[in-house]
Amino acid sequence: MIALTVALPLLAAFLLPLLPALARQFLGPLVLLAVAAFGLCLAGNALDAPSVVAIGDFRPPLGIVFYADGVAGLFVFAIAVVTLLLWPCATPNGQPDPQITRKHSLTLLMAAASCALALSGDLFNIYVFYELAAVAGYGLAAGSRTPAAQVATFRFTLLGSLGSLLALIGITLIYFRAGSLNLAHLAELAPSTLHDPLGLAGFLLILLGFGVKSELFLVNSWAPEVYATAESRVSALLAGLISKLALLAVVRLLVLVFPVPEASQLLLVLGMLGILTGELAAYRARDFRRLLAWSSIGQLGAAFVAFAIPGPAGLMAGIAVALHHLMVKPALFLLAERWGGNLAQLAGAARNSPIAAALFVLFALSLIGVPPLPGFWAKYLLLSGLAGEPAGLWWLAGLVVLTTTVVEAVYLFRIIGTLYGHQQGSVMQSRTATTGSGIFALLLVGTALSAPLLAAPLQKMATQLADTDGYVAQVISATITAPQRSGTAP
Amino acid sequence: MLTRYGSLLFATGFAFLLFSLFIALPMGEPPTLAGQAILNEAANSVGAANIVTSVVLAYRGIDTLGELSILFAAATAVGLVLGGQARAPRPSKEDGAGGFILQTGVDLLFPLLLVVGFYIILHGHLTPGGGFQGGVVLAAALVLPVLARPEESPSPAALAWVEGLAGAAFIATGLAALAYDHAFLTPLLGAGQLGDLFSAGTLPLLYLAVGLKVGAELAKLLLRLAEEGPAA
Amino acid sequence: MSEFGLVALLVGALGLIAIGIAGLVLARNLFRLVLALAVAEAGANLLLVLAGFRQGASAPIIEGGSTLHQVAMVDPIPQAMVLTAIVIGVGVQALALALAVRAREAYGSLDMDQLRARMEADIIAAAGTAPTTSQEAPSGARPLPPPLPSPARIAAEEPSS
């Protein structure tokens, strides 16, 4: 069942162009529904005990393993649901899109790669599926087919390939030092082979490489260009989903292989710089899409800061921040489908589309962190985690988070003021966008109402994610279904 | 000018940094923990004389699946980027066709290339080579005639069928293992006699699927780029 | 292979990476940028193969159908990884070239600086914000274009295959 979450979307993507038109429309969503069900099962089972599958029945350090703990299951579920909500629209602007099958194929490939990223327990396998998500992302980003989108995607492709190159060099370095690629095996080997400047250099290279998609400071210059030119749904997928999966891969590496203060501090400093640059640039932004792009860089910076905090507390804060962003940012990008462009033209838009405006207010309040919305709990966990660490860099990070919250509040309330202002702008309403983000809003409110219920499973997931010994024991003792294939070689 | 020197300085510095990192490593004596274990048992448990093939298709089979998907994603994305425009008019026979030497040479080479391509694919578990290398030769065989006679290019629809079905066959072989209570992508059919053409279980079948898919995919990519015409 | 030969290979691999990265930061022509990327990737792949090399070992292929004679072999895992990395590189480069073709068609140039300036202008025009040089000017003063520009070409075309 674990491997099916990857195999089924891939199979569907390969076969999609060959099918008759009617089947094409339904195959993708059906497969995604199945994946969502698998994800729920995996998350449910994993709360008792994580499950491991050795792909190809080879014992773990030799073959590749997929490891499904609570977080992985939750992310598989989230991938399927978010991809379904952001499924490429067959009739944008009213007329049918002749390229829609290709877009559907790429979206399915992206979903499969995301699931594999959440589950994989092998460093090079993570690299391969990260690349798959990246290539599908390039294709989708160029899918709006405007010249500006093509130039932006070209630059994105170059930066992404440079990042992959660095990540590959980092993986080479680690393999050269430790002689294995399995994360559990590496976790065992790390104290004697990787916790030195060489190993940390490898981690830094991989961090920069995977940081491209998770909008890490230094390698995020593509985000404002691509989000301003790509279709809103694609921006929502990239900002909401792919960034989180790249982040999760980095976090697994950090927790299992590099649980050393130097690595955490690296993450902390880069995350802090990301928050500062992102939120300040968002404050200056004049159009809606770029504002969302910059604020997304800021919030992913916050997620990096949260994951830098050692121990389950930091992981729990990180998961909360990431999941909150996963719900809010795609919804905002969906609103940008009609509201893209100059912020000034949003003047008085609340009168034309009161529901959309109300949804925006809800998401903005959650982003700022007004209780009892989930954003508040995410920020609360982050700040209390930071406060629990010794003074110095950690408290500085807390200060940065608090200060930028004020900046965030200023620019978001500025938009709310425009929306409910007296002037008349020029935006129309769009029903599909409102429906999509309405579902996200329901999810958000549901999370807010059930916050006390969700705390315990979330805590459990964070503990599981932090449990290196458990991970190693589970993977190394993974049961091989066949005793040993009998070779007949002499 | 200053930025150019700065960039050069950056590149040199980066190379020096990498050099100082890698020179500290034991060149020529890597630890090879997982690698040595595979070398010890691959011949018996998988049965392919070429151990790299065992790694590519058995031990790290899902990497290869990901790799095929990346090629598919790239070809689809290229189609998405280029496909929307009206075709550049195909060069007419006079200015596009190759001369006598090219046409005769292609006629002679075409069957040879096909044979070599399939040979490399089907012996991938015995000798150096395999689905990717053979697939590239197949793609060359398909694209070469287009140089000589631009009007006779292979049909994109046929290529799409080959590509889709080959990819599906790879996954279906992997899923078949589930029916026998094995994990996804477990090699089936027993290891066989080491060194025989029919050995290593499903590995040759997987490589055939890989070869067909890579060949169709690359041919499609090249034809798509060639359709753009000179100096678009 | 001698110690000197190994160091020479290492210098070669890192040199290719350095040349590629220098090309990526210095070049302005889109085609050269893609070539620079290819050079850098070649260097990284060479580095990866080098990581599996063992002094005095043979290629990991068993000859003669017998597993009995155990000669030392080089690590097969990096060789499989290189195969994957090469294929990934090919796919990405093809995509980048396709994008370059379209960018050149639309903007009539292959120069990254010019293309970037044109892209920025397009984004600003599409969003209807004032150009960055006059950020203090009231931004609502200009007539606004419609919120979503219809994509430049959604030409009639064949059903996607």
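Which side chains meet in a salt bridge at 3.2 Å, N to O? In this predicted model, the partners are Arg59(A) and Glu41(B). Between chain A and chain B, the count of salt bridges comes to 2, and 8 residue pairs are in polar contact, both residues being at pLDDT 80 or more.

The interface that holds this pair brings 67 residues of chain A into contact with 63 residues of chain B. About 5200 Å² is buried between the two chains, with 74% of that area given by carbon and sulfur atoms. On the side of chain A, the greatest losses of area to chain B fall on Phe14(A), Leu62(A) and Phe176(A), which together account for 15% of what that side buries. Both helices and strands of chain A give two or more residues to the side that touches chain B. The helices are H1 (4-15), H4 (100-119), H5 (123-141), H6 (147-178), H7 (183-193) and H8 (197-211), and the strands are E1 (51-55) and E2 (64-68). By residue class, this side of chain A comprises 41 nonpolar, 17 polar and 9 charged residues.

Chain B also forms an interface with chain C, to which chain C contributes 51 residues and chain B 54 residues. The area buried there is about 4600 Å², and carbon and sulfur atoms give 73% of it. Within chain C, Leu26(C), Leu83(C) and Arg102(C) lose the most area to chain B, together 12% of what that side buries. Across this interface 0 salt bridges are found, while the count of residue pairs in polar contact, both at pLDDT 80 or more, is 5. The elements of chain C that give two or more residues to the side touching chain B are the helices H1 (3-26), H2 (30-51) and H3 (76-107). H3(C) provides the largest share, 18 residues. The side of chain C that touches chain B divides into 34 nonpolar, 9 polar and 8 charged residues.

The model contains 10 cavities of 30 Å³ or more, and the largest cavity holds about 190 Å³ of space. Its lining consists of 18 residues, of which Gln299(A), Ala302(A), Leu367(A), Lys379(A) and Glu408(A) are the closest to the centre. At least two lining residues are supplied by each of the chain A helices H11 (261-284), H12 (288-308), H13 (311-339), H15 (354-368), H16 (374-387) and H17 (393-419). The lining of the largest cavity is divided into 7 nonpolar, 8 polar and 3 charged residues.

Technical notes
Residues are numbered from 1 along each chain as its sequence is written. Chains are lettered from A and ligands numbered from 1 in the order in which they are written. This is a predicted model: local features need pLDDT of at least 70, side-chain atom pairs count only at pLDDT 80 or more; totals for chains, interfaces and linings use all residues. Side-chain values use heavy atoms; hydrogens and water are left out. Contact means heavy atoms within 4.5 Å. Buried area is the accessible area (1.4 Å probe) that two parts lose on being put together, summed over both. A salt bridge is a side-chain nitrogen of Lys or Arg within 4 Å of a carboxyl oxygen of Asp or Glu. A polar contact is a pair of N or O atoms within 3.5 Å; within protein, one must be able to donate a hydrogen and the other to accept it, and residues adjacent in sequence count only if both atoms are side-chain atoms. Helices (H or I, at least four residues) and strands (E, at least two) are DSSP runs, numbered from the N terminus. Ala, Val, Leu, Ile, Met, Phe, Trp, Tyr, Cys and Pro count as nonpolar, Asp, Glu, Lys and Arg as charged, and the others, Gly among them, as polar. On a 1 Å grid over the protein atoms alone, a cavity is a set of points where a 1.4 Å probe fits but cannot get out, and a pocket is an open set with protein on both sides within 12 Å along at least five of seven lines; lining residues have an atom within 4 Å of a point. Grid points are joined across faces, edges and corners, and a volume is the space filled by probe spheres set on the points.
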